[in-house]
Amino acid sequence: MTKEISLLGKELRYVARKIPTEVVRDLNQIKTADEEYTKSRKKYHKQLTTSWMVFCISFVVMFLFPPLAIVFILSIFTTFYFNHHYKKYARLQIEPYRYFVVQRLVDLFERDMTEQSSLDLNLDFTRSMIKPKLISENAHPVKPGWKLKIYQDPWLNIHGEFCDRTNFDLHITEHHRHASGTKISRSGKRKRKNKIKFKGSEISLQLRYPNKKYCAIQVLKEDAMDAIKLPNYVELKNFKLNSKSILLKVNLPPQFDIKTRYAKGMSDGHKVDTTYETVTTMFLSLYQILNLARSLSK
């Protein structure tokens with residue numbers, strides 16, 4: 001087990017600088033660890049539920065049959081024990097979509113990298129809606145008395161270099177919104193409400209290339225946008241081009257399904273497919289611009 005994997009259970013983060021084959025090996029180990037965490041979480045949840053039921057039943061019955069007080073006392077300790085272990089593994093819950101999509105992207109990058117080239121990878125598995133990822137907290141713009149929290153989760157950063165000496169930086173950031181407040185029913189009852197909504201992902205790709213090889217790229221500056229071909233469900237957010245780099249940012253809407261359009265409850269498989277397809281088309285679009293610039297430079 002590598003030191004990056006051994007730290008996964010403490011920090012829920014994978015940070016490494018390795019060749020693609022080693023990264024894929026580590027991701028497979030992360031998948032195995034996640035499966036073990038899931039099994040342990042389910043096991044302790046089941047045992048905690050059983051122990052809690054014994055605790056409640058023995059608490060009632062011991063007044064009718066005092067010797068059962070020993071069962072009640074034992075159930076207190078077992079409940080605390082199982083609750084402790086359940087919370088431990090509940091904290092280690094990892095979203096499989098993240099390591100699945102990174103594994104496919106690493107396979108994609110490896111095709112155009114030298115054998116000695118490495119990837120700088122920072123993969124964050126911590127929950128999206130935690131305090132360090134809170135970027136704003138204000139009054140709700142529409143609902144009086146409600147609060148609106150905005151979370152930004154930059155969970156993936158990858159840097160590498162292709163065979164043509166072009167460097168790439170890929171970043172994926174998720175956006176989440178949490179609205180909370182008191183709702184008054186028609187009968188006058190007050191009820192605390194929390195509404196959590198995933199607002200989609202921002203994918204940013206920047207290529208840095210040798211100026212001499214693509215010196216004619218400035219000529220294409222006005223027409224470069226015509227080369228950007230993205231899936232119809234992706235929104236173009238930003239595009240910048242200069243003599244040294246190209247930057248492309250897009251928004252990937254939430255809960256998108258390739259087959260059923262904006263169907264809710266999208267599976268991990270569909271999320272991986274849409275993310276992978278989006279990143280692939282971003283690379284193809286930018287390299288179409290670079291290839292044309294290279295031809296003109298010659």
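**Exercise 1. Residue N167**

Determine in which strand of this predicted model N167 is found, and which side chain makes a polar contact with the side chain of N167.

*Solution.*
Step 1. Locate the residue: N167 belongs to strand β5, which spans residues 167-184.
Step 2. Examine the side chain: a polar contact at 3.3 Å links the side chain of N167 to the side chain of E161.
Step 3. Widen the view, setting aside neighbours within four places in sequence: N167 is in contact with H159, G160, E161, Q206, L207 and R208.

**Exercise 2. Helices α3 and α4**

Determine how the axes of α3 and α4 are oriented to each other, and describe the residues of their contact.

*Solution.*
Step 1. Identify the helices: α3 covers residues 20-61, and α4 covers residues 69-91.
Step 2. Consider the axes: they come within 8 Å and cross at roughly 155 degrees.
Step 3. Apply the cut-off: angles over 145 degrees count as roughly antiparallel, and α3 and α4 are therefore roughly antiparallel to each other.
Step 4. State the handedness: the crossing of α3 past α4 is left-handed.
Step 5. Sort the residues of the contact between α3 and α4: 15 are nonpolar, ten are polar and one is charged.

**Exercise 3. The whole chain**

State how many helices and strands the protein chain has, and what share of its residues is buried.

*Solution.*
Step 1. Count the elements: the protein chain contains six helices and eight strands.
Step 2. Consider burial: of the 298 residues in the protein chain, 42% are buried.
Step 3. Consider contacts between residues at least 6 apart in sequence: 65% of these join residues at least 24 apart.

Conventions:
Residues numbered from 1 in each chain as written. Predicted model: local features only at pLDDT ≥ 70, side-chain atom pairs only at ≥ 80, totals over all residues. Heavy atoms only, no water. Axes fitted to C-alpha atoms, helices over the stretch in contact; angles between N-to-C directions. Helix = DSSP H or I, 4+ residues; strand = E, 2+ residues; numbered from the N terminus. Parallel < 35°, antiparallel > 145°, perpendicular 65-115°, else oblique. Left-handed = near helix turned anticlockwise from the far one by under 90°. Nonpolar A, V, L, I, M, F, W, Y, C, P; charged D, E, K, R; others polar. Polar contact = N/O pair within 3.5 Å; in protein donor to acceptor, adjacent residues only side chain to side chain. Contact = heavy atoms within 4.5 Å. Buried < 20%, exposed > 50% of the residue type's maximum accessible area, 1.4 Å probe, protein only.
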